[in-house]
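Visitor: I would like a close look at a single part of this model. Please take me through the backbone and its surroundings step by step.

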Amino acid sequence: MNDHELAARLATRAGDLLLDVRAEFADAEVAERKAAGDKRSHDFLMTELASARPGDAVLSEEGADDPVRLRSARVWIVDPLDGTREFSELGRDDWAVHVALWQDGELVAGAVALPAQNTTFATPEVALPGAVDGPPRIVVSRTRPPAIALAVRDALGGELVEMGSAGAKVASVVQGRSDVYVHAGGQYEWDSAAPVAVARAAGLHTSRIDGSPLRYNAADPKLPDLVVCRPELAAAVLAVTTLGE
């Protein structure tokens, strides 16, 4: 099984496990449901990666950061449950599982599972729907859209689409449900590694908000901002986001 296939398999299977957890804890307290989802998915991914790729390092949102990854040529970057709040709200489908592989300075494989949508996007190739007529759709958080996203909306004459997890937002651009995802103000490598790998496989633009490349497996895993958008909108979006810098 190659790395692309492994990423897709693990993200999908972790998603199936999370659907089972959701059902099992349907009548439990929200905090208990969240904790069970985070732990079980993390434990599953760590066990499977240790078995399938024992020589590789892993950076997981739910695990201790082992500095051995900084000396490793291959590092799996995973978010066992992206969008814990949405997962905990029964009936919502905007949450995800992220599994990505960084090798020698680059993201080389990745998968984003959307378990409640019965969908997994995975490298090496992802189909991108054609552009949709109408104003650009900028996907934002459900609660507090970042000011930079509002600036992009105003500059492009766009409209906002509210959604939960980062993985679900990037996937919405891949799905053709939105056109632009721009974020500033706090994320980590596991929030974007797999979504960015998938977005690149679909031919989307990906960068920091200043237009610089997204770098992974850094000593500090904070990676606070990014732009993912349809390639034909990249210049217009970056004209706004770089000015905001």
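Guide: A helix here is a DSSP run of H or I with at least four residues, numbered from the N terminus. The model is a predicted one. Start with helix α3, residues 84-88, which holds E86. E86 has a relative accessible area of 5%. Buried means under 20%, so E86 counts as buried. Beyond its neighbours within four places in sequence, E86 is in contact with R22, R92, D94, W95, R142, G164 and S165.

Now the sheet. It is open and has five strands, in the order β7-β6-β8-β10-β9, with mixed pairing. Its edge strands are β7 (159-163) and β9 (205-207), and each of them pairs on one side only. From one strand to the next, the twist averages 20°. Inside the sheet, β6 (residues 137-141) and β8 (residues 180-183) run parallel, joined by two bridges. V139 stands opposite Y181 in β8.

Next, the loops. Most residues other than glycine have a negative phi, and most peptide bonds are trans. D104 is not a glycine, yet has a positive phi of about 50°. The loop between β3 (96-103) and β4 (106-114) holds D104. D104 is exposed, at 58% relative accessibility. N118 is not a glycine either, and its phi is positive, about 55°. N118 sits in the loop between β4 and β5. Its relative accessible area is 73%, so N118 counts as exposed.

From T123 to P124 the bond is cis, with omega near 15°. P124 belongs to the loop between β5 (119-122) and β6.

Key:
Residues numbered from 1 in each chain as written. Predicted model: local features only at pLDDT ≥ 70, side-chain atom pairs only at ≥ 80, totals over all residues. Heavy atoms only, no water. Pairing = 2+ DSSP bridges. Axes fitted to C-alpha atoms, helices over the stretch in contact; angles between N-to-C directions. Buried < 20%, exposed > 50% of the residue type's maximum accessible area, 1.4 Å probe, protein only. Contact = heavy atoms within 4.5 Å.
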